[in-house]
Amino acid sequence: TISGMYNMIVESVDTSSNGLMAAYFPGSTAVYSEQLARKDNNIDFNWALAAPDVNVAPGGVPWIARWHGLIKAEISDVHTFFLETDGQSTVKIREQVVLSSSDTGDVRTWSGTIALVADVLNEIEVQYAHLSGPARIHLRWQTAGELIEIVPSSHFFAVKQSVAQGQSRLLVRPNLVSPAHSEIGGTGISFCTAGVACTFAITTR
């Protein structure tokens, strides 16, 4: 830990905004302006030879889809994610690449694992590049002893916002002798010591 002042920002999600924000771009790279922006309930699509929208890929040219938002697990465990797709895709959670697929021209299922903590919101981003042929992408997950399923919309959140008066300045003073006695304190936060449980209340209006 580096000594100094830190910003703590408290954010909330609108539980009525289940799903992910989606952006669709024409072409083989996302360098063009998005042609379609919407909220998708989850990632479970089989477009066949069509496109998400006629403005995204007129004439069946290549296109890219990008989903982003937050994902929340029900239990603390290592989660395995499965991506069934025909194109080049990447799944990132907390900016960590969980899995990536190459464009093989055939529909294949790719997998990767990441540890998730129950009820903790994690940023997720999925990108899919469709170059030719039928288009499909399905994002599933599984924990130990459970069945593989499409990640439900109820575990995705599309919108987050900073809580009013939810920003605090924290002063961190690491102990040079023993990191276990580093200190942290700030507005509205009781005095805390690393390695010792510390609680504080967050009041929203």
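Mentor: The discussion below takes up individual residues and then a surface patch. This is a predicted model, in which local features need pLDDT of at least 70, side-chain atom pairs count only at pLDDT 80 or more, and totals for chains, interfaces and linings use all residues. Residues are numbered from 1 along each chain as its sequence is written, and side-chain values use heavy atoms, with hydrogens and water left out.

Trainee: Is serine 89 buried or exposed?

Mentor: Buried means under 20% relative accessible area, exposed over 50%, and partly exposed in between (1.4 Å probe, protein chains only). Serine 89 has 1% relative accessibility and therefore counts as buried. Its place is in strand β7 (residues 88-93); strands are DSSP runs (E, at least two residues), numbered from the N terminus.

Trainee: Which residues does phenylalanine 45 touch?

Mentor: Contact means heavy atoms within 4.5 Å. Not counting residues up to four places away in sequence, phenylalanine 45 touches Tyr24, Arg38, Asp40, Trp67, Arg136, Ile137 and His138. Phenylalanine 45 and arginine 136 are 91 residues apart in sequence, yet 5.5 Å apart in space, C-alpha to C-alpha. Phenylalanine 45 belongs to strand β4 (residues 44-48) and counts as buried because its relative accessibility is 17%.

Trainee: Which residues form the negative surface patch?

Mentor: For a charged patch, like charges are joined within 9 Å, among residues with over 30% relative accessible area and no salt bridge. A salt bridge is a side-chain nitrogen of Lys or Arg within 4 Å of a carboxyl oxygen of Asp or Glu. Here the negative patch consists of Glu74, Asp119, Glu146 and Glu149. Glutamate 149, in strand β12 (residues 149-150), counts as partly exposed because its relative accessibility is 39%.

Note on methods:
Patches are made of residues with over 30% relative accessible area and no salt bridge: like charges are joined within 9 Å, nonpolar side chains (Val, Leu, Ile, Met, Phe, Trp, Tyr) within 5 Å. Accessible areas come from the Shrake-Rupley method with a 1.4 Å probe; for residues, only the protein chains shown count as cover. Lys and Arg count as positive and Asp and Glu as negative; His and the chain ends are not counted. The place of a charge is taken as NZ of Lys, CZ of Arg, CG of Asp or CD of Glu. Helices (H or I, at least four residues) and strands (E, at least two) are DSSP runs, numbered from the N terminus.
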